[in-house]
Amino acid sequence: MGVLDTSRNYLGMTQSLKPASVSSHAPKIRESLDPGAQSLVDKCLDAALKYRASDVHIEPQGEMLVFRFRIDGRLKTWGSVSIDQHSQVLNRLKVLARMDIAEKRMPQDGRISLQRGAQVMSFRVSTVPMLDGEKAVVRVMQQDLSALSLADVGYSAHNQAAYEALLGRQQGLILHCGPTGSGKTTALYAACNQLAQKWRNVQTIEDPVEGRLTGINQAQVDADVGLSFASLLRAYLRQDCDVILIGEICDPDTAQLAVQASLTGHLVLATLHTHDAAGASSRLIDMGVPRNLVSAGLIGAVSQRLVRKLCEQCRVTTQPGPELQKRLGLSQQYALYQKLGCAACANAGFRGRVGIHEVLSIDGELKQAIIDSRPDGDLRRMAESKGMTNMVKDGIAKAVRGLTTVDEVYRSVSGAL
């Protein structure tokens with residue numbers, strides 16, 4: 001259907017989340033854990049793959065060491081052991097990640113590579129000292145993302161056509177906006193795969209590299225040696241690039257250089273933390289980029305969120321009341337869907353996530369509006385009058401198709417219905 005279904009793991013791991021003793025309101029996954037640190041860590045990492053977790057949180061909480069998995073954007077408890085196992089578990093993780101086991105007072109980062117069958121699985125480890133001891137978070141990394149396409153990201157036909165038109169430009173800046181965990185990196189990787197051609201030089205600057213892309217030159221920021229987004233981007237301007245992906249525009253230098261690159265024959269794709277697409281230009285201006293250069297370089301902005309996808313095996317239809325129909329702009333012929341819960345989704349009612357988007361294309365009129373210092377709300381209204389579908393409307397269209405619920409859409413975009 002053209003959605004980002006996280007039940008399909010791009011590492012090839014396709015395993016169902018088996019039901020446990022759960023309540024219909026707050027489903028949890030729980031397992032009895034062996035006391036040995038080595039077997040405990042190995043079992044934890046295997047379970048993270050089995051349950052399609054994106055992150056594992058290992059947290060000292062009073063007398064217990066608690067393990068929680070983030071599945072479809074929500075943390076769920078996997079199990080706990082006595083706090084006596086804390087140091088052994090953290091040391092085991094640090095050894096696997098080649099971190100300093102003697103350092104417990106400062107944050108550390110490392111990586112783990114483990115052989116699982118014919119595949120090499122990769123994990124990123126971060127430790128931070130807390131009041132009750134060190135907490136570890138393990139990110140499950142996706143390896144080969146070369147098969148990821150724009151269809152997998154979940155664009156509607158309308159939004160995908162608008163986005164592909166932006167990707168067809170020879171130069172300019174395209175910004176992907178949204179909070180952490182909204183799928184920006186996945187969307188950028190899909191765009192890079194579409195742009196990767198033998199006659200193009202595509203280079204990325206990432207922190208960290210989330211996955212390998214075939215035919216694309218990837219570099220990783222390293223603060224310890226002074227290798228920053230800005231320093232790499234300066235070097236890229238002498239690397240004969242056609243396309244440059246910037247993992248995040250996070251400082252004025254990088255913002256200035258990104259716009260400069262977009263004006264000198266490069267197609268630049270980057271992420272930026274803004275609430276919506278219309279706020280992208282003002283955010284760059286706030287970071288010190290001259291308004292006229294932002295207007296000249298910025299050609300488009302995409303804002304996105306991830307919402308939980310209804311379990312296809314147990315979702316049920318429901319007829320919205322007249323008031324909700326009117327509010328959503330739906331006629332009586334449209335039904336909606338709601339969660340139910342079954343063994344396939346561990347009684348959660350949801351399985352996987354799907355993206356909702358808005359794609360803002362900057363034409364001559366919008367460029368002039370940026371120069372004229374028009375507020376973000378004006379830019380949004382102008383873009384919508386020209387055919388832009390905002391995230392709420394895109395989400396409601398997906399709710400009508402049975403991919404998600406209206407509550408999920410409003411929770412993700414505005415926090416309330």
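This is a predicted model: local features need pLDDT of at least 70, side-chain atom pairs count only at pLDDT 80 or more; totals for chains, interfaces and linings use all residues.

Mentor: Residues are numbered from 1 along each chain as its sequence is written, and side-chain values use heavy atoms, with hydrogens and water left out.

Trainee: Which residues are joined with E408 into one salt-bridge network?
Mentor: A salt bridge here is a side-chain nitrogen of Lys or Arg within 4 Å of a carboxyl oxygen of Asp or Glu. R308 pairs with E408 at 2.9 Å between the closest N and O atoms, and R411 meets E408 at 3.0 Å, N to O. Through shared partners, the network with E408 takes in R74, R308 and R411.

Trainee: Is E408 buried or exposed?
Mentor: Buried means under 20% relative accessible area, exposed over 50%, and partly exposed in between (1.4 Å probe, protein chains only). R411, at 36%, counts as partly exposed. E408 has a relative accessible area of 3%, so E408 is buried.

Trainee: At what angle do α6 and α7 pack?
Mentor: Helices are DSSP runs (H or I, at least four residues), numbered from the N terminus. Axes are lines fitted to C-alpha atoms over the stretch in contact, with angles running from 0 to 180 degrees between N-to-C directions. The axes of α6 (residues 229-236) and α7 (residues 252-262) are 8 Å apart, and the angle is about 20 degrees.

Notes: Helices (H or I, at least four residues) and strands (E, at least two) are DSSP runs, numbered from the N terminus.
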